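Please read each point alongside the displayed model.

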Amino acid sequence: MLAFAANSLLCRMALLHTGIDSASFTTTRLAAGAVVLALIVRWRGSGPKPGGSWVSALALFVYAAAFSYAYVSLTTGAGALLLFGAVQATMIGHGLWRGERLSALQQLGLVIAFAGLVALLWPGLAAPPAEGSALMIGAGIAWGVYSLRGAGTSDPLSATAGNFLRAVPMAVLLSVVTLHRASFDATGVAYAVASGALASGIGYAIWYTALRQLRSTSAASVQLSVPVIAAVAGVLWLGEPLSLRLVLASAAVLGGVAAVLDIRSVRVAATRHRT
């Protein structure tokens with residue numbers, strides 16, 4: 001979760017304080033992640049062919065690109081809240097579609113969480129920009145799809161490496177298409193490399209592994225800490241304002257999704273894991 005929060009902070013820092021553009025940040029981030037993951041897979045002694053799929057790679061690319069473009073206008077905290085609200089909605093919706101049932105309290109939690117997102121996006125002086133919000137919601141949906149596709153993977157590290165490798169040419173194509181807007185500097189590239197190699201590559205490998213032990217609803221709820229970490233980091237490192245609207249919306253969204261978490265199933269899973 002710290003790695004995922006770091007992605008928001010690194011991307012916002014790069015686009016706000018350096019000369020790198022969104023497409024270049026996306027390409028550098030994915031390329032760095034692909035290199036690090038390939039080295040880890042090689043060191044581990046896995047098979048010569050990477051895992052993953054082109055569909056998962058496309059979901060990864062859509063997430064990474066939309067994420068980068070959204071953070072041109074969104075603050076770190078608002079972006080992280082929108083991202084994880086969309087991720088959680090996608091994963092919980094998938095769980096319901098697969099037959100998972102929610103109690104009355106959990107259903108109330110979903111309503112509260114949705115109301116929090118509506119309150120955050122409702123037009124007004126403190127509302128985040130509409131274009132950036134739409135891009136971040138799209139990024140969250142793509143990340144939710146990517147995470148769900150990884151839940152049944154037998155070799156999550158190899159799959160993650162393969163997905164990053166396949167996503168690189170998609171990002172390169174984006175950079176070529178937007179070449180007339182390309183710009184970058186050493187600091188921006190360094191942020192993108194850190195985001196790809198550490199926060200994305202290694203972070204996703206761990207996340208893919210953890211998903212195998214979690215139900216869809218539980219996996220969505222585990223991420224509750226990320227928007228809080230990202231918002232605090234944005235205030236401390238970037239001096240971003242913490243509006244009352246964001247605080248109240250965060251409380252509603254995170255509190256609502258927390259109510260969806262089935263504590264009993266998590267405890268049973270943990271007991272089985274220990275035994």
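1. Helices (H or I, at least four residues) and strands (E, at least two) are DSSP runs, numbered from the N terminus. On that basis the protein chain has 12 helices and zero strands. Read from the N terminus, the order of elements is α-α-α-α-α-α-α-α-α-α-α-α.

2. This is a predicted model, in which local features need pLDDT of at least 70 and side-chain atom pairs count only at pLDDT 80 or more, while totals for chains, interfaces and linings use all residues. Residues are numbered from 1 along each chain as its sequence is written, and side-chain values use heavy atoms, with hydrogens and water left out.

3. Of the 275 residues of the protein chain, 51% count as buried; buried means under 20% relative accessible area, exposed over 50%, and partly exposed in between (1.4 Å probe, protein chains only). The chain exposes about 12,800 Å², of which carbon and sulfur atoms supply 70%. Accessible areas come from the Shrake-Rupley method with a 1.4 Å probe; for residues, only the protein chains shown count as cover.

4. Contact means heavy atoms within 4.5 Å. Among contacts in the protein chain between residues at least 6 apart in sequence, those joining residues at least 24 apart make up 91%.

5. Helix 1 (residues 2-17) packs against helix 4 (residues 76-97) at an angle of about 135 degrees, with the axes 10 Å apart. Axes are lines fitted to C-alpha atoms, for helices over the stretch in contact, and angles run from 0 to 180 degrees between N-to-C directions. Helix 1 and helix 4 are therefore oblique to each other: angles under 35 degrees count as roughly parallel, over 145 as roughly antiparallel, 65 to 115 as roughly perpendicular and the rest as oblique. Phe4, Ser8, Leu9 and Arg12 of helix 1 meet Thr76, Ala80 and Phe84 of helix 4.

6. The axes of helix 1 and helix 10 (residues 225-238) come within 8 Å and cross at roughly 35 degrees. From helix 1, the contact includes Leu2, Phe4, Ala5 and Met13; from helix 10, the residues include Val226, Ile229 and Trp237. By class, the contact of helix 1 with helix 10 has 11 nonpolar, three polar and one charged residues. Here Ala, Val, Leu, Ile, Met, Phe, Trp, Tyr, Cys and Pro count as nonpolar, Asp, Glu, Lys and Arg as charged, and the others, Gly among them, as polar.

7. Thr178 lies in the loop between helix 7 (156-177) and helix 8 (186-211). Thr178 counts as buried because its relative accessibility is 12%. Not counting residues up to four places away in sequence, Thr178 touches Ala23 and Tyr69.
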